[in-house]
Amino acid sequence: MLEVIDSSLAQYVMHYVGDTTVFAEEVYTQPDILLQAAFTQLAFSKLDLEQQYEFFHETNIDLNEVYTYAQAIFSDRRNFLTQSKYMATHLKSVSNHPNIKDGELFIGLFDNCLWRNEAKSVLAIVKIDEKEIFLDVKNEQDKMTVS
(Lines give C-alpha, C1' and ligand atoms only; values in the text may rest on other atoms or scores of the structure.)
Protein backbone atom coordinates (compact mmCIF):
# COMPACT_ATOMS: atom_id res chain seq x y z
CA MET A 1 0.00 0.00 0.00
CA LEU A 2 1.19 3.52 -0.80
CA GLU A 3 1.48 5.88 2.16
CA VAL A 4 1.85 9.62 1.51
CA ILE A 5 1.46 11.07 5.01
CA ASP A 6 5.16 12.00 5.31
CA SER A 7 5.68 12.76 1.64
CA SER A 8 6.97 16.07 0.33
CA LEU A 9 6.35 17.74 -3.00
CA ALA A 10 9.82 18.12 -4.53
CA GLN A 11 8.77 19.87 -7.74
CA TYR A 12 5.70 20.49 -9.80
CA VAL A 13 4.43 22.13 -12.95
CA MET A 14 1.02 23.11 -14.32
CA HIS A 15 0.25 23.05 -18.05
CA TYR A 16 -3.04 24.10 -19.64
CA VAL A 17 -4.43 21.47 -22.01
CA GLY A 18 -7.25 22.46 -24.31
CA ASP A 19 -7.86 23.57 -27.88
CA THR A 20 -4.55 25.34 -27.52
CA THR A 21 -1.99 23.90 -25.12
CA VAL A 22 -0.11 26.38 -22.93
CA PHE A 23 3.11 24.96 -21.54
CA ALA A 24 4.55 26.26 -18.31
CA GLU A 25 8.06 27.56 -18.62
CA GLU A 26 9.01 27.07 -14.98
CA VAL A 27 9.17 24.19 -12.54
CA TYR A 28 8.25 25.11 -9.00
CA THR A 29 10.07 23.73 -6.00
CA GLN A 30 9.46 24.07 -2.28
CA PRO A 31 5.82 25.17 -2.22
CA ASP A 32 4.51 26.62 1.02
CA ILE A 33 2.93 24.17 3.44
CA LEU A 34 -0.68 24.94 2.46
CA LEU A 35 -0.03 24.58 -1.27
CA GLN A 36 1.88 21.34 -0.67
CA ALA A 37 -1.05 19.99 1.36
CA ALA A 38 -3.50 21.03 -1.38
CA PHE A 39 -1.47 19.31 -4.10
CA THR A 40 -1.04 16.18 -2.00
CA GLN A 41 -4.81 16.06 -1.49
CA LEU A 42 -5.37 16.68 -5.21
CA ALA A 43 -2.89 14.00 -6.30
CA PHE A 44 -3.86 11.22 -3.93
CA SER A 45 -7.38 11.78 -2.60
CA LYS A 46 -9.21 9.99 -5.42
CA LEU A 47 -6.79 7.09 -5.70
CA ASP A 48 -7.47 3.75 -4.14
CA LEU A 49 -4.13 3.53 -2.34
CA GLU A 50 -4.65 -0.20 -1.82
CA GLN A 51 -4.74 -0.71 -5.60
CA GLN A 52 -1.54 -1.07 -7.59
CA TYR A 53 -1.35 0.80 -10.88
CA GLU A 54 1.05 -0.25 -13.61
CA PHE A 55 2.04 0.96 -17.04
CA PHE A 56 1.22 -1.39 -19.89
CA HIS A 57 2.15 -1.98 -23.51
CA GLU A 58 1.27 -5.02 -25.61
CA THR A 59 4.79 -5.72 -26.81
CA ASN A 60 7.39 -3.60 -25.00
CA ILE A 61 6.89 -1.37 -21.95
CA ASP A 62 9.49 1.06 -23.31
CA LEU A 63 7.03 1.86 -26.10
CA ASN A 64 4.53 3.26 -23.58
CA GLU A 65 5.08 7.01 -23.94
CA VAL A 66 4.11 8.12 -20.43
CA TYR A 67 6.25 5.36 -18.91
CA THR A 68 9.23 6.53 -20.97
CA TYR A 69 8.72 10.18 -19.97
CA ALA A 70 8.38 9.21 -16.29
CA GLN A 71 11.54 7.10 -16.46
CA ALA A 72 13.42 10.09 -17.91
CA ILE A 73 12.28 12.23 -14.96
CA PHE A 74 13.33 9.62 -12.40
CA SER A 75 16.69 9.17 -14.16
CA ASP A 76 17.48 12.91 -14.10
CA ARG A 77 15.18 15.40 -12.37
CA ARG A 78 16.60 18.19 -14.51
CA ASN A 79 14.46 16.65 -17.31
CA PHE A 80 11.25 17.38 -15.38
CA LEU A 81 10.00 20.38 -17.40
CA THR A 82 10.84 18.93 -20.82
CA GLN A 83 9.35 15.52 -20.04
CA SER A 84 6.23 17.07 -18.51
CA LYS A 85 5.67 18.96 -21.78
CA TYR A 86 6.00 15.68 -23.68
CA MET A 87 3.45 14.10 -21.33
CA ALA A 88 0.99 16.96 -21.79
CA THR A 89 1.35 16.81 -25.57
CA HIS A 90 0.92 13.04 -25.66
CA LEU A 91 -2.05 12.96 -23.29
CA LYS A 92 -3.78 15.71 -25.30
CA SER A 93 -3.18 13.80 -28.54
CA VAL A 94 -4.80 10.60 -27.21
CA SER A 95 -7.65 12.33 -25.34
CA ASN A 96 -10.19 12.75 -28.10
CA HIS A 97 -13.34 11.80 -26.18
CA PRO A 98 -16.00 14.55 -26.40
CA ASN A 99 -16.55 14.52 -22.63
CA ILE A 100 -12.94 15.41 -21.85
CA LYS A 101 -12.86 19.09 -20.92
CA ASP A 102 -10.13 21.66 -21.21
CA GLY A 103 -8.18 22.21 -18.01
CA GLU A 104 -4.92 22.27 -16.16
CA LEU A 105 -2.59 19.31 -16.04
CA PHE A 106 -0.74 19.05 -12.72
CA ILE A 107 2.42 16.98 -12.72
CA GLY A 108 4.16 16.66 -9.37
CA LEU A 109 7.12 14.71 -8.09
CA PHE A 110 6.67 13.62 -4.49
CA ASP A 111 9.53 12.30 -2.35
CA ASN A 112 9.40 10.10 0.73
CA CYS A 113 6.28 8.15 -0.18
CA LEU A 114 6.24 4.73 1.42
CA TRP A 115 5.60 1.69 -0.74
CA ARG A 116 5.89 -1.62 1.11
CA ASN A 117 7.82 0.14 3.91
CA GLU A 118 10.38 1.52 1.46
CA ALA A 119 10.76 5.24 0.67
CA LYS A 120 10.04 5.95 -3.00
CA SER A 121 9.54 8.93 -5.26
CA VAL A 122 6.12 9.15 -6.89
CA LEU A 123 5.10 11.03 -10.01
CA ALA A 124 1.50 12.28 -9.89
CA ILE A 125 -0.26 13.27 -13.12
CA VAL A 126 -3.65 14.87 -12.54
CA LYS A 127 -5.97 16.60 -15.01
CA ILE A 128 -8.06 19.31 -13.36
CA ASP A 129 -11.39 19.76 -15.18
CA GLU A 130 -13.25 21.36 -12.33
CA LYS A 131 -11.62 23.88 -10.07
CA GLU A 132 -11.07 22.87 -6.49
CA ILE A 133 -12.00 25.47 -3.91
CA PHE A 134 -8.49 25.61 -2.44
CA LEU A 135 -6.60 26.17 -5.72
CA ASP A 136 -6.47 29.41 -7.66
CA VAL A 137 -5.02 28.67 -11.10
CA LYS A 138 -4.49 31.59 -13.44
CA ASN A 139 -3.43 31.61 -17.07
CA GLU A 140 -2.27 35.15 -17.73
CA GLN A 141 -0.24 36.02 -20.80
CA ASP A 142 0.55 32.34 -21.42
CA LYS A 143 1.99 31.89 -17.90
CA MET A 144 0.43 29.52 -15.38
CA THR A 145 0.40 30.57 -11.72
CA VAL A 146 -1.03 28.65 -8.77
CA SER A 147 -1.90 29.89 -5.31
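The following questions and answers concern a predicted model of a protein chain.

Student: In what order do the elements of the protein chain run from the N terminus on?
Tutor: The protein chain holds three helices and seven strands, and 38% of its 147 residues count as buried. Among contacts with a separation of 6 or more, 65% are between residues 24 or more positions apart. Read from the N terminus on, the order of the elements is β-β-β-α-α-α-β-β-β-β.

Student: Which elements are included in what covers the buried residues of α3?
Tutor: Helix α3 comprises residues 80-94, and its 15 residues reach 21 Å from the first C-alpha to the last, close to the 21 Å expected at 1.5 Å a residue. Its buried residues are Phe80, Leu81, Gln83, Ser84, Lys85, Met87, Ala88 and His90. The cover over these buried residues includes β2 (8-17), α2 (65-75), β4 (103-115) and β5 (118-128).

Student: Why are α2 and α3 described by a direction relative to each other, and what is that direction?
Tutor: In the contact between these helices, Glu65, Val66, Tyr69, Ala70, Ala72 and Ile73 of α2 meet Phe80, Gln83, Tyr86, Met87, His90 and Leu91 of α3. The axes are 9 Å apart, and the helices pack at an angle of about 170°. Angles over 145 degrees count as roughly antiparallel, and α2 and α3 are therefore roughly antiparallel.

Student: Does histidine 90 count as buried or exposed?
Tutor: Histidine 90 has its place in helix α3, and, leaving aside neighbours within four places in sequence, histidine 90 is in contact with Glu65, Val66 and Tyr69. The cut-off for a buried residue is under 20% relative accessible area. Because its relative accessibility is 16%, histidine 90 counts as buried.

Student: Which element gives the most to the largest nonpolar core?
Tutor: The largest nonpolar core has 17 residues, and those with the most contacts inside it are Phe39, Ala43, Phe44, Phe106 and Phe110. Two or more residues of this core come from each of β2, α1 (33-44), β4 and β5. With five residues, the element that gives the most to this core is α1.

Student: How many residues are in the other core, which lies apart from the largest one?
Tutor: The members of this other core include Ala24, Ala70, Met87 and Ala88. Of these names, Met87 and Ala88 are also listed among the buried residues of α3. The number of residues in this other core is 14.

Student: Which residue of β5 is the bridge partner of phenylalanine 110?
Tutor: Strands β4 and β5 run antiparallel and are joined by 10 bridges; in their hairpin, which has two residues between the strands, arginine 116 takes a positive phi near 55°. Not counting residues up to four places away in sequence, phenylalanine 110 touches a set of residues that includes Phe39, Ala43, Phe44, Lys120, Ser121, Val122 and Ala124. Within β5, the bridge partner of phenylalanine 110 is valine 122.

Student: Is asparagine 112 buried, exposed or partly exposed?
Tutor: Asparagine 112 lies in strand β4, and, with neighbours within four places in sequence left aside, asparagine 112 is in contact with Asp6, Ser7, Ala119 and Lys120. Its C-alpha atom is separated by 9.6 Å from that of alanine 10, which is 102 residues apart along the chain. Because its relative accessible area is 36%, asparagine 112 is partly exposed.

Key: Residues are numbered from 1 along each chain as its sequence is written. This is a predicted model: local features need pLDDT of at least 70, side-chain atom pairs count only at pLDDT 80 or more; totals for chains, interfaces and linings use all residues. Side-chain values use heavy atoms; hydrogens and water are left out. Helices (H or I, at least four residues) and strands (E, at least two) are DSSP runs, numbered from the N terminus. The expected span of a helix is 1.5 Å times one less than its number of residues. Buried means under 20% relative accessible area, exposed over 50%, partly exposed in between (1.4 Å probe, protein chains only). Contact means heavy atoms within 4.5 Å. A nonpolar core is a set of buried Ala, Val, Leu, Ile, Met, Phe, Trp, Tyr and Cys residues joined through side-chain atoms within 4.5 Å. Two strands pair if DSSP finds at least two bridges between them. Axes are lines fitted to C-alpha atoms, for helices over the stretch in contact, and angles run from 0 to 180 degrees between N-to-C directions. Angles under 35 degrees count as roughly parallel, over 145 as roughly antiparallel, 65 to 115 as roughly perpendicular and the rest as oblique.
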